[in-house]
Amino acid sequence: MAKFKKRKDGRYASSINIGVKENGKPEKIFVYGKSIKELESNRVEALMSLKNGTYIRNKEVLFDEYAKKWLKSKQIGISNATKEMYTSVIRSNLKAFTGHFIKDISKSDIQELINEYKDKRRTCEKIMITLNQIFDSALEDELVSKNPCKKIELPAKTYKEKRPLTEQEDQLSELADFTPRERCYVLLIKYYGFRKQEALALSRKRFNFEEKTITLKDAIEFISNKACIKQTKTESGERIVPILSKDLEFFKTYCGQLKSEWLFTSLSTGELISSQSFRRMYDSILNKMNKKADELDYPHCDKLTSHVYRHNYSTMLYNAQLGLKESQYLMGHKNIKTTMEIYTHLDKENTHKSVGSKIEDYLNKDSQ
């Protein structure tokens, strides 16, 4: 029995000479097996196919054809959002590989593609996630001898500064002439720290007015504009948040006047709010805040996202001197490290302010 070396991926490999390349080097095909017995069986089968002229050489499989086949197989165990991400990447970002044989795509080809998106780190990450999955599958299907995605260099991460509401935005969110529906959404993201997807998934049954709590269990996912209910981002996303006394009567009245079980519905259909309907609602919120800004001679809220309100909530918890564990729970963070990073950042900000005040006090005292 021939001796075969076990590869790092756990498989055994063997090569078969099938001719000579244009450069004079031998041309080979590779055969794989999860065990030596399977390898030998696959080798015999490959030799027979070569003899009969029925062997399909790896380089005859086009990347785009295989990518479509792979995507079609990814129907179980992944979310709709992930499927949409794969579909978008294959359609929009992997066009350069259309018409290329999958075996011929090299590490340098992939690096060149990534370099084209060097200013878009997140796009690069999505491309690599998708390509890694495709080539791992091709490796299993014995279409390639290795995954060329290994050790690809991605552009450096750039961190956007997270910020709370400005003083003017804080005032405008209180003074703007919102509808009850708009007011409800602003309250939930500003004073309860709900992610957009969490707030939009709320129903009346999640409010317990006797206990003065809101129970969060679900999130919303938009698929082709239509809203679908799913579990929260993580298990830790499930939480019970106390209703503030100032909002109790508003929520009671709002829930009591709803014609649907959902807090937020599309005005035209009465069904759970669609992506398009949400955009219209949020645009209306910003327009009303900007209208009030014009009255008060404040700057416009052009870059005010729902997530800014969430960061404002974490700042509020910090200023209220809640502990890390309490804040982690209320924010729905899976890892306490995320909460610690926010608190550390706020600690640094406060340290700069307090240090400056102490130095000023010292200098003023010294000059007296």
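Student: Why are α3 and α5 called roughly perpendicular to each other?

Tutor: In this predicted model, the axes of helix α3 (residues 80-92) and helix α5 (residues 121-140) cross at roughly 95°. Angles of 65 to 115 degrees count as roughly perpendicular, and therefore α3 and α5 get that label. Their axes come within 10 Å.

Student: What makes the contact of α3 with α5?

Tutor: On the α3 side, M85, Y86, V89 and I90 take part; on the α5 side, K126, I127, I129, T130, Q133 and I134 do. By class, this contact has seven nonpolar, two polar and one charged residues.

Student: Which residues of α7 and α11 meet?

Tutor: Y185, V186, I189, K190 and Y191 in α7 meet S306, Y309, R310, N312, Y313 and M316 in α11. The residues of this contact divide into seven nonpolar, two polar and two charged.

Student: How do you know that the pair of Y192 and F251 is edge-to-face?

Tutor: The ring centres of Y192 and F251 are 5.8 Å apart, and a pair needs centres within 6.5 Å. The ring planes stand at 65°, and over 60 counts as edge-to-face, so the pair takes that name. Y192 lies in the loop between α7 and α8 (196-199), while F251 is in helix α9 (residues 245-256), 59 residues apart.

Student: Are Y192 and F251 buried or exposed?

Tutor: Buried means under 20% relative accessible area. Y192 is at 0% relative accessibility, so Y192 counts as buried. F251 is also at 0%, so F251 counts as buried too.

Student: Which residues do ring pairs link into a cluster?

Tutor: The cluster holds Y192, F194, F207, F209, F250, F251 and Y254. Over the whole structure, a search finds 13 aromatic pairs.

Student: What makes β3 and β7 edge strands?

Tutor: The open sheet has three strands in the order β3-β4-β7, with antiparallel pairing. β3 (207-208) and β7 (239-242) each pair on one side only.

Student: How do you know that β4 and β7 pair?

Tutor: Two strands pair if there are at least two bridges between them. Strand β4 (residues 213-216) and β7 have four bridges, in the antiparallel sense.

Note on methods
Residues are numbered from 1 along each chain as its sequence is written. This is a predicted model: local features need pLDDT of at least 70, side-chain atom pairs count only at pLDDT 80 or more; totals for chains, interfaces and linings use all residues. Side-chain values use heavy atoms; hydrogens and water are left out. Contact means heavy atoms within 4.5 Å. Helices (H or I, at least four residues) and strands (E, at least two) are DSSP runs, numbered from the N terminus. Ala, Val, Leu, Ile, Met, Phe, Trp, Tyr, Cys and Pro count as nonpolar, Asp, Glu, Lys and Arg as charged, and the others, Gly among them, as polar. Rings of Phe, Tyr and Trp (its six-membered ring) pair if their centres lie within 6.5 Å; planes under 30 degrees apart count as stacked, over 60 as edge-to-face and the rest as tilted. Buried means under 20% relative accessible area, exposed over 50%, partly exposed in between (1.4 Å probe, protein chains only). Axes are lines fitted to C-alpha atoms, for helices over the stretch in contact, and angles run from 0 to 180 degrees between N-to-C directions. Angles under 35 degrees count as roughly parallel, over 145 as roughly antiparallel, 65 to 115 as roughly perpendicular and the rest as oblique.
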